[in-house]
Amino acid sequence: MGLERRGRAVHGQLEVNPVGVDPVGEEPRVRPEPKVKSFEIDKRLVYGAWEKVRANRGAPGVDAVSIERFAAAERDNLYKLWNRMSSGSYFPGPVRAVEIPKDHGAGVRVLGVPNTADRIAQTAAAMLLEATLEPIFHRDSYGYRPGRSAHDALAVARRRCWRQDWVLDIDVRAFFDSVPHDLLLKAVAHHTDERWVLLYIERWLKAPMQMADGTLVAREKGTPQGSPISPLLANLFMHYAFDRWMDREYPGCPFERYADDVVAHCDTEEQARQLQAALTERLGSMGLELHPAKTKIVYCQDANRRGEAEHTSFDFLGYTFQGRLVRGRRGFFVSFAPAMSTTAKKAKGRQIRAWHLNRRSGSDLSGLAQEINPQVRGWINYYGAFYRSMLYSLAARIDEHLVRWAMQKFKRLRGRPTRAWRWLDTVRRHQPTLLAHWHLLPSTPRRTVGAV
């Protein structure tokens with residue numbers, strides 16, 4: 001007697017062929033394959049992006065999820081993000097509009113701050129693209145590139161200003177708000193076959209911006225500043241719109257470009273005018289526009305170039321290039337050189353006033369030093385790279401505010417600025433490294449405490 005095949009009851013019925021048991025004489029049933037993801041995205045890439053985002057800190061986006069809150073459920077959050085990105089179901093949230101002062105004090109700019117998860121996703125795409133794009137970028141592109149800095153661009157600009165007599169100071173109007181999406185995506189597609197990168201870049205570009213009042217503003221062009229991938233996309237766009245075009249059409253006019261901040265060097269005024277006209281047409285065909293008031297032709301006037309022109313100075317990366325008295329091997333002479341710009345100096349003066357040191361009599365000098373030293377050290381490191389003496393007046397202004405603080409804190413110094421200066425000088429002699437500007441800059445002449 002043969003063995004009876006046994007089944008199991010399902011809702012009162014007998015299942016005679018349970019999964020995995022094949023009927024006699026029939027072909028084995030194919031087992032279902034595990035679901036294949038739409039995109040193959042390395043989990044290590046996403047985790048590496050998260051580590052970079054966590055190290056950079058930054059404010060939360062519209063969803064108010066901070067770095068700390070995301071990290072509290074790191075494993076689950078990262079898996080959820082990777083899973084959605086791999087399946088194609090990832091959609092970024094709106095970016096949060098935040099107004100901040102422009103670099104070096106030239107007005108304000110609007111940043112688009114993404115959610116923390118979106119920052120991780122963008123960083124992952126940027127890391128993947130950067131490995132491909134970095135080798136092809138132009139040697140005179142300096143902005144947001146590894147191993148390159150604003151100081152590098154300034155040093156090269158100074159050297160070229162000595163060699164060539166004219167400069168075209170280029171200002172692209174509202175560059176980050178004007179980049180056409182179709183041309184940008186076409187440039188990205190030329191350098192990657194990763195479909196998920198193209199898909200999500202398009203979604204990031206079109207993600208609306210949420211304003212302070214909660215309204216959502218649709219975006220049909222531009223790439224918002226504040227997102228991790230925007231600098232890379234900006235460099236890629238300008239690589240084709242400007243860098244390669246300059247090499248092809250004006251090889252005798254070298255340039256330095258830091259994102260959308262550009263200066264080009266010319267031999268003659270006529271050459272500079274021709275370049276300006278051609279560049280106006282070129283950028284116009286790319287959906288961009290030269291700012292008519294801020295774009296100007298500059299003559300590099302110095303001891304050896306004594307001609308006259310409408311403009312003999314220009315600002316670049318927080319520095320003003322103009323004729324300055326410098327010391328050489330044979331004494332003093334006028335050289336065309338960069339130094340901290342007046343606009344940047346005024347901006348730092350406003351920041352010093354915003355410290356309100358005279359209202360903080362409850363703090364001691366060591367506590368104040370701990371708070372202000374990081375800012376001051378950053379100013380000196382950046383603006384002190386060229387023509388360092390321009391910072392002396394800024395250091396003197398900090399000391400003036402410290403004297404005001406001392407007169408407010410100590411009864412014996414109230415209304416006695418001379419005695420307060422004497423007290424500050426004594427502290428400086430005994431603790432010369434207490435404040436960053438004391439030991440990074442030489443002693444500066446004092447002036448009477450007054451309205452600053």
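Predicted model: local features only at pLDDT ≥ 70, side-chain atom pairs only at ≥ 80, totals over all residues.
A disulfide is a pair of cysteine sulfur atoms within 2.5 Å. Cys253 is buried, with a relative accessible area of 2%, and Cys266 is buried at 0%. A search of the whole structure finds zero disulfides.

**The overall fold**

Let us step back to the whole protein. It holds 15 helices and 13 strands. Of its 452 residues, 44% are buried. Among contacts with a separation of 6 or more, 67% are between residues 24 or more positions apart. The protein exposes about 24,700 Å², and carbon and sulfur atoms supply 50% of that area.

**Helix 4 and its surroundings**

Helix 4 covers residues 116-133, 18 residues in total. From first C-alpha to last, helix 4 reaches 25 Å, close to the 26 Å expected at 1.5 Å a residue. Its buried residues include Thr116, Asp118, Arg119, Ile120, Leu129 and Leu133. What covers the buried residues of helix 4? The cover includes helix 1 (43-56), helix 2 (67-72), helix 3 (74-87), helix 7 (181-189), helix 8 (195-206) and helix 9 (230-249).

**Salt bridges**

Side chains of opposite charge can pair when their charged atoms come close. A search of the whole structure finds 15 salt bridges, and three of them are set out here.

| Salt bridge | Closest N and O atoms |
|---|---|
| Lys206 and Glu202 | 3.1 Å |
| Asp243 and Arg257 | 2.8 Å |
| Glu249 and Arg248 | 3.5 Å |

Asp243 forms a salt bridge with Arg257. This pair links distant parts of the chain, with Asp243 in helix 9 and Arg257 in strand 8, 14 residues apart. Is Asp243 buried or exposed? At 0% relative accessibility, Asp243 counts as buried, and Arg257 is likewise buried at 0%.

Lys206 and Glu202 sit four residues apart in helix 8, so about one helical turn separates them. An α-helix has 3.6 residues a turn, so residues three or four places apart point the same way. Lys206 is partly exposed at 47% relative accessibility, and Glu202 is partly exposed at 32%.

Glu249, the partner of Arg248, is partly exposed at 42% relative accessibility. Elsewhere, salt bridges that share partners join Asp140, Arg160 and Glu256 into one network.

**Backbone angles and a surface patch**

Tyr144 has a positive phi of about 55 degrees and lies in the loop between helix 4 and helix 5 (150-163). Its relative accessible area of 46% makes Tyr144 partly exposed. Ala259 has a positive phi of about 60 degrees, and its place is in the loop between strand 8 (255-258) and strand 9 (261-266). Ala259 is buried, with a relative accessible area of 4%.

Finally, which residues make the nonpolar surface patch of about 290 Å²? They are Leu325, Phe332 and Val334. Val334 belongs to strand 13 (residues 331-340) and, at 35% relative accessibility, counts as partly exposed.

Technical notes
Residues numbered from 1 in each chain as written. Heavy atoms only, no water. Patch = residues over 30% accessible without salt bridge, like charges linked within 9 Å, V, L, I, M, F, W, Y side chains within 5 Å. Areas by Shrake-Rupley, 256 points an atom, 1.4 Å probe, with all protein chains shown as cover. Salt bridge = Lys/Arg side-chain N within 4 Å of Asp/Glu carboxyl O. Helix = DSSP H or I, 4+ residues; strand = E, 2+ residues; numbered from the N terminus. Buried < 20%, exposed > 50% of the residue type's maximum accessible area, 1.4 Å probe, protein only. Contact = heavy atoms within 4.5 Å. Expected span 1.5 Å × (residues − 1).
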